[in-house]
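Subject: Structure handover

Hello,

Here is the structure I promised to pass on. Please have a look at it first, and then read on for what turned up in it.

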Amino acid sequence: MSTTNLNADNHAEEHHGAPSGIMRWLLTTNHKDIGSLYLLFSLLMFFIGGGMAMVIRAELFQPGLQIVEPDFFNQMTTVHGLIMVFGAVMPAFVGLANWMVPMMIGAPDMALPRMNNWSFWILPFAFLILLMSLFMEGGGPNFGWTFYAPLSTTYSNDSTALFVFSVHIMGISSIMGAINVIVTIFNLRAPGMTFMKMPLFVWTWLITAFLLIAVMPVLAGAVTMVLTDKYFLTSFFSAAGGGDPVMFQHIFWFFGHPEVYIMILPAFGIISQIVPTFSRKKLFGYSSMVYATASIALLSFVVWAHHMFTTGMPLAGELFFMYCTMLISVPTGVKVFNWVATMWRGSLTFEVPMMFSIAFIVLFTIGGFSGLMLAITPADFQYHDTYFVVAHFHYVLVTGAIFSIMAGAYYWLPKWTGYMFDEKLAKAHFWLSLVSVNVLFFPMHFVGLAGMPRRIPDYATQFADFNAVISIGGFAFGLSQLLFVAVVYKCIKGGEKATDQVWEGAEGLEWEVPSPAPYHTFETPPDIK
Amino acid sequence: MTDKQTAQQDTKKLVKKLVLTVFFMFGFGFALVPLYDVFCDITGLNGKTSNVAAVQSDSVDKTRTISVEFIARTQGNLPWIFKPEVKKMNVHPGEMHQLNFLVKNNSVDNMVVQAVPSVSPGIAAAYFNKIECFCFNQQPLEQGQAADLGLQFYIDKDIPPEYTTVTLSYTLFDISKNIEQDEFTKLFADNKN
Ligand code: HEM
Ligand SMILES: [Cu+2]
């Protein structure tokens with residue numbers, strides 16, 4: 001690609017300086033190209049995973065079994081979870097990091113561009129393997145995204161090896177992405193860009209990358225143990241052979257809890273970029289934001305067993321994990337406080353990115369509150385494995401992580417394409433999403449408290465009305481997302497020209513380069529004031 | 001140019017460190033397995049009794065009586081009968097006791113099973129001393145064959161006063177498919193002698 005680099009500089013006007021065709025995308029090492037690939041891939045996965053959610057909600061629209069077999073239903077919940085976590089949310093954040101981190105710190109590209117290409121291009125294969133396994137005889141994985149042993153060992157079907165390999169590939173991809181982010185931030189900051197001057201999106205991603213490096217290998221270990229237990233007669237998780245099935249949960253959640261923060265810390269970063277822009281004020285409490293992020297990351301390693309309160313832990317363990325979990329809400333509260341304080345007496349305007357951000361702050365906080373309820377050990381015995389948990393993690397993940405990704409996409413879209421997006425359509429997308437997402441997830445709290453278990457294709461008739469409402473919310477939310485595709489498509493095709501700064505209150509290096517951002521930016525480092 | 005070279009060296013160094021961390025954490029995932037067991041051993045948290053025979057007790061504390069309950073169950077739909085001779089015993093700490101568990105292989109296959117013990121409350125597991133237990137070994141039984149499996153135990157005198165009832169539960173797992181073929185036949189050959 002080095003030849004194309006040369007003439008790119010002379011053609012700054014051009015949308016991209018590289019040749020077109022499939023080879024450009026296959027071989028590209030440009031951070032903006034790879035960022036776009038990640039984002040488009042994540043959008044595709046969002047719709048595939050979303051399609052599965054539609055199957056789930058269609059089945060649950062009425063009590064009784066009507067559309068799918070229970071086993072297929074379980075495959076849908078499992079693969080929906082895996083795709084949304086590893087295929088939609090994580091790649092979207094990696095895509096945003098690819099696009100924005102180099103521009104925000106004044107670097108010409110990511111530090112390891114070739115590895116960057118690899119870490120993206122192995123991803124489609126991981127998901128191809130996972131999706132193909134659904135068509136195997138005996139079906140795909142059906143043991144839940146948490147693949148608890150012995151469901152995934154003794155009782156799983158023949159496609160388990162495929163599941164294991166696809167998770168391995170996803171893990172390798174994330175680890176390579178994380179290494180790239182860390183090296184870029186450590187070594188490629190423009191002179192004068194000290195750590196405490198870095199935009200918060202960069203900070204949160206740096207910390208996320210360390211989390212990824214710490215826990216993705218543990219996930220790889222866990223799936224490997226499942227593989228050997230199932231196929232090679234080891235007994236890591238089989239009591240009969242001297243192992244312990246509960247140990248699976250310890251290992252999985254040692255990965256799993258930090259993983260949920262991997263999916264929310266970059267969201268915190270995005271919101272911390274957007275709120276100051278549309279409040280026309282500096283972010284309130286910058287350094288406390290950095291420290292809060294770091295303490296959330298550290299604490300996330302000592303709370304894993306809050307997913308295991310009902311496994312028969314001793315009282316001392318239950319209390320330890322209960323208090324540590326509650327402790328995490330302190331730095332999380334600091335963040336929410338800082339965002340609100342940033343808006344306080346700001347001259348607010350409500351452009352679409354800001355609307356998504358405000359919705360994020362309110363709805364993520366609801367998810368945090370239900371998390372706190374779940375953290376109360378005795379209460380969790382009632383809530384565990386009910387729809388209350390489903391409500392909790394969808395508030396933090398859909399109205400949290402996904403809303404932040406939407407906010408970020410609307411915020412930077414004009415920088416990427418050079419055009420303003422269709423504001424009317426985007427507002428329609430926002431309002432429809434906001435209403436339907438709450439119709440979808442809020443009633444889940446109530447059916448959960450009333451005792452409806454999660455991961456079942458049928459339920460007691462007492463839950464029928466609520467489930468019908470939930471499903472309608474689900475279909476509406478799913479359809480609303482098509483508007484997002486329309487907005488993005490139109491914005492790529494054309495529209496009102498975007499200025500370099502795009503948003504009146506926007507500050508930061510990414511707003512100093514032209515819109516659309518040229519193929520190569522900051523080949524000579526910028527001056528940092 | 002030299003600037004660029006040092007930058008590249010920095011990058012290499014950092015990448016090396018990060019890759020090492022990745023391998024370290026991969027190993028750590030596996031190390032969690034023994035670590036978790038060690039942790040539970042030290043703290044006695046998970047209700048696992050020891051897998052090795054205990055030494056005989058030398059004295060008896062007649063002032064206390066503890067009620068010991070026995071539960072026996074089979075895992076999955078194993079077509080075996082498995083039950084303790086008595087459901088409950090009242091014992092003094094330090095006093096030796098013996099009882100049998102009755103098993104019968106009602107299936108049409110020769111099978112090897114493994115009994116896995118668990119004590120509740122978990123903390124009491126550390127005070128449950130087994131001098132002899134069928135759970136120390138794998139148990140081969142031919143089709144239709146029945147056997148009495150022995151357990152010899154005592155409750156440690158140091159058991160804290162709040163424990164007045166201790167439950168020992170055994171779960172019988174079919175491990176016929178988890179062991180190699182020649183080991184399988186050997187177990188049955190040894191059994192005959
Ligand atoms: C104030 C912060 C939070 C607290 C106190 C909290 C607490 C909890 C607890 C106790 C559970 C286990 C419930 C059960 O299974 O019985 C849980 C589940 C879950 N949480 Fe949170 N949480 C918090 C924030 C988050 C965030 C930020 C995310 C992700 C972005 C998240 C994602 C999840 C997920 C995915 C599950 C369900 C996992 C599963 O079983 O499939 N939580 N949370
Ligand atoms: Cu957690």
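Which residues are closest to ligand 1, and how many surround it? The shell holds 23 residues, and the closest are A:Trp145, A:Asp380, A:His384, A:His392 and A:Arg454; a residue is near a molecule if one of its heavy atoms lies within 4 Å of it.

Before the details, some notes on how to read all this. This is a predicted model, in which local features need pLDDT of at least 70 and side-chain atom pairs count only at pLDDT 80 or more, while totals for chains, interfaces and linings use all residues. Residues are numbered from 1 along each chain as its sequence is written, chains are lettered from A and ligands numbered from 1 in the order in which they are written, and side-chain values use heavy atoms, with hydrogens and water left out.

On confidence, chain A averages a pLDDT (the predictor's confidence in each residue, from 0 to 100) of 93, and 96% of the residues score at least 70. Over residues 1-16 of chain A, however, the pLDDT is below 50. That stretch has 19 contacts in the model beyond near neighbours in sequence, a contact being heavy atoms within 4.5 Å.

Back to the ligand. The side chain of A:Trp145 has an N or O atom 2.9 Å from an oxygen atom of ligand 1, and the side chain of A:Arg454 likewise has an N or O atom 2.9 Å from an oxygen atom of the ligand. For A:His392, a polar side-chain atom lies 2.9 Å from a nitrogen atom of ligand 1. Helices H9 (245-262), H13 (352-375) and H15 (387-417) of chain A are the elements that give two or more residues to the shell; helices here are DSSP runs (H or I, at least four residues), numbered from the N terminus. H13(A) supplies the largest share, six residues. By class, the shell has 13 nonpolar, eight polar and two charged residues, where Asp, Glu, Lys and Arg count as charged, Ala, Val, Leu, Ile, Met, Phe, Trp, Tyr, Cys and Pro as nonpolar, and the others, Gly among them, as polar.

A:Arg454 itself lies in the loop between H16 and H17 of chain A. At 15% relative accessibility it counts as buried (buried means under 20% relative accessible area, exposed over 50%, partly exposed in between, with a 1.4 Å probe and protein chains only). Leaving aside residues up to four places away in sequence, A:Arg454 touches A:Asp385, A:Thr386, A:Tyr387, A:Val389, A:Val390 and A:Phe393.

Now the salt bridges. A:Arg24 is buried at 7%, and A:Asp33 is buried at 0%.

A:Lys282 and A:Glu507 meet in another, at 3.0 Å from N to O. A:Lys282 sits in the loop between H10 (265-279) and H11 (286-299) and A:Glu507 in the segment after H17 (464-493), so this pair ties together parts 225 residues apart in sequence. Both residues are exposed.

Best wishes

Definitions and conventions: Polar contact = N/O pair within 3.5 Å; in protein donor to acceptor, adjacent residues only side chain to side chain. Salt bridge = Lys/Arg side-chain N within 4 Å of Asp/Glu carboxyl O.
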